[in-house]
Amino acid sequence: MFGRKTLDRIERMLDEAIAGNFRESDYDESQMSRVESKWKHYLGLSALTRENMEREKENIKSLVSDISHQTKTPMTNIQLYTALLRENLEAGEDCGEKQQNLRLLNEISAQAEKLDFLIRSLTKMSRLESNIVEVKPCRQKVAELLEAVIWDAEVKAEQKGIEIVNTYSKDGYADYDMKWTKEALGNVLDNAVKYSRPGGRIYISVTEYELYTAVTVKDKGIGIKEEDTAKIFGRFYRAEEVQQEDGVGIGLYLAREILKKENGYIKVRSKPGEGAEFVLFLQKTNPFRPVRFQKDSGKAP
């Protein structure tokens with residue numbers, strides 16, 4: 001049915017595919033039969049699949065390494081404080097020891113909360129990176145997103161005496177997933193609260209362009225060095241001056257990845273000591289497209 005040369009070429013393709021060395025460009029399709037051409041395309045797709053699997057394997061290895069590194073400190077602290085508390089309790093307690101034990105309990109609680117936050121953040125990150133969950137943007141009011149995010153941030157802001165000023169009063173729409181975009185904008189606003197000075201103000205504004213709706217979060221906090229502005233969206237990156245603040249360096253990375261999946265993007269303008277201005281660009285949709293409502297509105301009860 002097939003000539004010897006054809007069989008030899010097909011066998012050579014298969015051997016190269018098994019060895020992981022197959023490249024479509026090595027074979028001139030004009031000199032091949034239809035069967036050979038189909039076989040070549042099939043092996044080409046198989047090689048691409050294997051390459052994607054290898055890349056995914058490397059991503060998983062990197063993620064596992066990151067999880068191991070990031071959880072090590074809070075776990076070590078929990079074990080240390082628990083051991084100290086046990087020793088105090090076994091030795092009996094007077095009034096002074098009681099205060100020490102309460103301090104240790106508070107430290108254990110704080111470290112446990114940090115670990116819980118870290119695990120939840122890592123879970124969100126891995127679900128996004130592995131496409132376990134999909135970001136499904138649909139046409140929704142921008143005001144509803146701002147209302148939901150501000151609601152969540154107000155308690156922490158009030159504790160520092162910070163006022164969140166929302167200057168947007170229009171009724172515009174954008175194409176976004178409420179749950180995940182609330183996460184992205186919430187992370188940016190949380191950073192603004194965290195790095196603002198007590199008694200300050202944070203301004204949220206919206207600018208509508210032809211293709212995008214831009215949501216701006218502007219603070220008068222510590223600001224960001226120019227050399228750090230390109231790095232802050234990296235996974236687990238934290239600048240030197242904020243190492244002592246709570247956080248693990250995932251929030252801005254998540255914000256960027258979420259917006260990317262919605263065909264949007266994020267920019268930052270900042271100078272040290274003069275605050276920071278983050279702009280989240282949400283893609284606009286055809287104004288005549290019907291509005292779809294998601295089950296999770298993103299609002300707090």
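1. Thr 213 is buried, its relative accessible area being 0% (buried means under 20% relative accessible area, with a 1.4 Å probe and protein chains only). Thr 213 belongs to strand β5, residues 212–218 (strands are DSSP runs of E with at least two residues, helices runs of H or I with at least four, numbered from the N terminus). Beyond four places in sequence, the contacts of Thr 213 include Val 142, Tyr 173, Ala 174, Leu 280, Phe 281 and Leu 282 (contact means heavy atoms within 4.5 Å).

2. This is a predicted model, in which local features need pLDDT of at least 70 and side-chain atom pairs count only at pLDDT 80 or more, while totals for chains, interfaces and linings use all residues. Residues are numbered from 1 along each chain as its sequence is written, and side-chain values use heavy atoms, leaving out hydrogens and water.

3. The average pLDDT of the protein is 75, and 60% of the residues score at least 70 (pLDDT is the predictor's confidence in each residue, from 0 to 100). Residues 30–35 have pLDDT below 50, and this stretch has 8 contacts in the model beyond near neighbours in sequence. Over residues 293–301 pLDDT also stays under 50, with 18 contacts beyond four places in sequence.

4. Helix α5 (residues 178–194) and helix α6 (residues 251–261) have axes that come within 8 Å and cross at roughly 145° (axes are lines fitted to C-alpha atoms over the stretch in contact, with angles from 0 to 180 degrees between N-to-C directions). Among the residues making this contact are Trp 180 and Glu 183 of α5 and Leu 254 and Ile 258 of α6.

Technical notes: Buried means under 20% relative accessible area, exposed over 50%, partly exposed in between (1.4 Å probe, protein chains only).
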